[in-house]
Amino acid sequence: MHIVGARPNFMKIAPLVKAIKEHNQTGISPHLDQIIVHTGQHYDEKMSELFFDHLGLPKPDINLEVGSASHAVQTAEIMIRFEKVLLQYQPDAIIVVGDVNSTIACTLVASKIQYPASNLRLATCNSKRRRPLIVHVEAGLRSFDRTMPEEINRILTDQLSDLLFTTEEDANENLKREGISSEKIFFVGNVMIDTLFQHLEKAKKSDILNRLGLINQRLRTSDQGLSTRDYALRTSDQGLSTRDYALRTSDQGLNTRDYALSTPYAVLTLHRPSNVDHKETFLNILEALKEISQKIPIIFPAHPRTQNRIKLFSLENYFINPSTRDYGLSTKHSCIYCIEPLGYLDFLWLMANAKLVLTDSGGIQEETTVLGVSCVTIRENTERPITVKMGTNIVAGTKKGNIINTALSQLNKLNNASNPIPPLWDGQAAKRIVDILVEKLST
Ligand code: UD1
């Protein structure tokens, strides 16, 4: 039973659903039935449904429809509704991902549930265990900042999980330090990066750059008359992965991005409560962004939480809100363009071609590392130190001067699609997880 609730969860379960399907096609025992439970933590079409479509995910089998509320109410509502589902379906394992409220809520329920003793199917799996195996994917990440709700969710979920799948070496160390037995920890790579690799070719077909007015017509037609898309098709015909291709073109002194763009732009995402829920902090960040936007236009697909705060604090003056149909961006305008949240493929392509990404998200720090795009993290810390070690990400803090200085130094760097990728971020993480799961569920 896969648990999803919030936007970043969908990218993480998509490759697992696919890998289980592929395992079943091999005919190797045991066959794994899979069910998707959506808690409904995110419910707007642009925050949820769109992702199922873009990622080719089957619609959730069950939707708990909890919606938004305070942390306590949201977590409690998920728990109450999930307990009934768990007792009805009695899965052998639940798979939780990441660090959102849905992750901890369902983990907590599963850790205390007692299936009826008469459950024969489970008895064949483990006669002592009358509750599901709890599988945490993306375990062990730590910001060491307990004011972040996600940090609480991470620590507690890891303590209650039976199998902990990690994305980076630091996570393994964090878990061991917290007393978790090494036998439960498996370093497998990053499922979100599996999704990125699986969808990059599709993302290239996105027309987001055109819609935003970011494609330079002159450049597009100058290279032997090939459009970016044709070029991408040609390379994939030759059986080259995008990454191989990036390496090859950079060897030849070409940069893939130059094909797609003339207008350099930055992409911004901002939604952490610590950044947007207090007017003074939010204003300070916006002042920094306003100054950065004098050097490079900033495209800002705004999270609903942030949109609400902008209205509440009357901060609309910091942004230009182009009409959705024709954003009509122009290089002449240096400012922050506030647009609606984008779907997975549009956002991926927008990010892949950006000169710079400014963010307070966790996953985006990882995605930019793989894409070789410079990232400025507008937070005091990161739970993903590997992204800093790889050289793409700098944690700037939240002070105006530091954000500006870091962004300007990142802007002076050349993006490099051939920068190193963290160990095991190779598109095979979900397969490794399913192989281990199959082994555990057969014993
Ligand atoms: C949640 C996660 C966060 C993750 C983020 C990704 C927790 C504690 N936080 O934060 O780790 O990075 O998702 O987006 O689980 N809203 C809508 N429509 C929606 C969803 C939310 O309008 O579909 C608005 C509501 O006003 C809601 C607010 O956004 O109150 C916040 O949503 P919530 O799910 O509580 O937390 P996020 O900030 O999205």
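In this predicted model, an oxygen atom of the ligand is 2.9 Å from an N or O atom in the side chain of His303. This pair is a polar contact, that is, a pair of N or O atoms within 3.5 Å; within protein, one atom must be able to donate a hydrogen and the other to accept it, and residues adjacent in sequence count only if both atoms are side-chain atoms. A polar side-chain atom of His271 lies 2.8 Å from an oxygen atom of the ligand, and for the side chain of Asn308 the corresponding distance is 3.1 Å. The ligand taken alone exposes 740 Å², of which the protein buries 87%; accessible areas come from the Shrake-Rupley method with a 1.4 Å probe, and for residues only the protein chains shown count as cover.

Two elements give two or more residues each to the shell around the ligand, namely helix H3 (71-89) and helix H16 (304-312). Helix H16 gives the most, with three residues. Helices (H or I, at least four residues) and strands (E, at least two) are DSSP runs numbered from the N terminus. In total, 19 residues surround the ligand, and the closest are Gln41, His42, Asn101, Glu150 and Arg305; a residue is near the ligand if one of its heavy atoms lies within 4 Å of it. By class, the shell holds six nonpolar, nine polar and four charged residues. Ala, Val, Leu, Ile, Met, Phe, Trp, Tyr, Cys and Pro count as nonpolar, Asp, Glu, Lys and Arg as charged, and the others, Gly among them, as polar.

Residues are numbered from 1 along each chain as its sequence is written. The model being predicted, local features need pLDDT of at least 70 and side-chain atom pairs count only at pLDDT 80 or more, while totals for chains, interfaces and linings use all residues; side-chain values use heavy atoms, with hydrogens and water left out.

Asp99 is placed in the loop between strand E4 (93-97) and helix H4 (101-112). The side chains of Asp99 and Arg154 make a polar contact at 3.0 Å. Asp99 counts as buried because its relative accessibility is 11%, where buried means under 20% relative accessible area, exposed over 50%, and partly exposed in between (1.4 Å probe, protein chains only).

Thr406, in helix H20 (residues 400-411), is likewise buried, with a relative accessible area of 12%. A polar atom of the Thr406 side chain lies 2.5 Å from the backbone oxygen of Asn402. Beyond four places in sequence, Thr406 is in contact with Val376, Ile394 and Ala396.

The structure holds four aromatic pairs. Rings of Phe, Tyr and Trp (its six-membered ring) pair if their centres lie within 6.5 Å; planes under 30 degrees apart count as stacked, over 60 as edge-to-face and the rest as tilted. Phe165 and Phe186 form a tilted pair, 5.6 Å centre to centre with 35° between the planes. Phe165 lies in strand E6 (residues 163-166) and Phe186 in strand E7 (residues 185-187), 21 residues apart. Both are buried. Elsewhere, ring pairs link Phe10, Phe51 and Phe52 into a cluster.

The protein chain has 21 helices and 14 strands, and 57% of its 443 residues count as buried.

How values were computed: Contact = heavy atoms within 4.5 Å.
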